[in-house]
Amino acid sequence: MKYIIGNDHGGIDLVDSVEEKLLELGHEVEKIGTYTKDSCDYPDFAKEACEKVLANQADFAILICGTGIGMSLAANKFKGIRAACVSDVFSAKMSRAHNNCNVLCFGSRVIGSEVAKMIVEVFANTKFEGGRHSNRVEKITEIEEKN
């Protein structure tokens with residue numbers, strides 16, 4: 001699988017750990033975030049990452065800012081993106097298993113590198129369960145289509 005990692009200045013501290021974990025798991029990685037702590041705008045990186053996922057240039061994106069909230073808000077504005085802002089392993093697992101999320105968001109001011117690596121591993125190794133969850137994801141898509 002190919003992952004896009006996008007980050008603003010607030011997320012820079014976790015990028016290398018996330019990339020390392022994805023490569024260890026055998027995934028391809030493309031980084032599109034900033035490389036400095038100079039203030040920048042997270043929506044720019046969320047936009048670029050989501051456009052790549054929607055264009056099938058990547059399978060998933062991981063977006064990192066200070067809290068993960070801003071990135072998830074920006075990502076969820078894209079039709080076809082299901083972004084989850086998580087700070088624990090269980091939520092990461094459920095975001096894939098039940099919600100078929102294609103974008104994972106978290107904050108470097110909320111979690112540390114070891115938790116980030118655990119979250120990434122669980123997200124990457126969890127498959128969408130389908131079944132009753134497919135109907136729910138379809139309902140989300142219907143809401144998206146109408147709004």
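User: Which helix gives the largest share of the lining of the largest pocket?

Analyst: Helix H6 (residues 132-146), with three residues. Helices are DSSP runs of H or I of at least four residues; strands are runs of E of at least two; both are numbered from the N terminus. This is a predicted model: local features need pLDDT of at least 70, side-chain atom pairs need 80 or more, and totals for chains, interfaces and linings use all residues. Residues count from 1 along each chain as its sequence is written, and side-chain values use heavy atoms, leaving out hydrogens and water.

User: What makes Asn 76 a lining residue?

Analyst: A pocket is an open set of points on a 1 Å grid over the protein atoms alone, where a 1.4 Å probe fits, with protein on both sides within 12 Å along at least five of seven lines. Lining residues have an atom within 4 Å of a point. Asn 76 is listed in the lining, so it meets that limit. Arg 82, Cys 101 and Glu 144 are among the others.

User: How many lining residues are nonpolar, polar and charged?

Analyst: Four are nonpolar, three polar and two charged.

User: Why are S4 and S5 called paired?

Analyst: Pairing takes at least two DSSP bridges between two strands. Three bridges join S4 to strand S5 (residues 103-107), so they pair. They run parallel. Cys 85 stands opposite Cys 105 in S5.

User: What makes S4 an edge strand?

Analyst: The open sheet has five strands in the order S2-S1-S3-S5-S4, with parallel pairing. Strand S4 (83-85) pairs on one side only, and strand S2 (28-31) does too.

Methods
Ala, Val, Leu, Ile, Met, Phe, Trp, Tyr, Cys and Pro count as nonpolar, Asp, Glu, Lys and Arg as charged, and the others, Gly among them, as polar.
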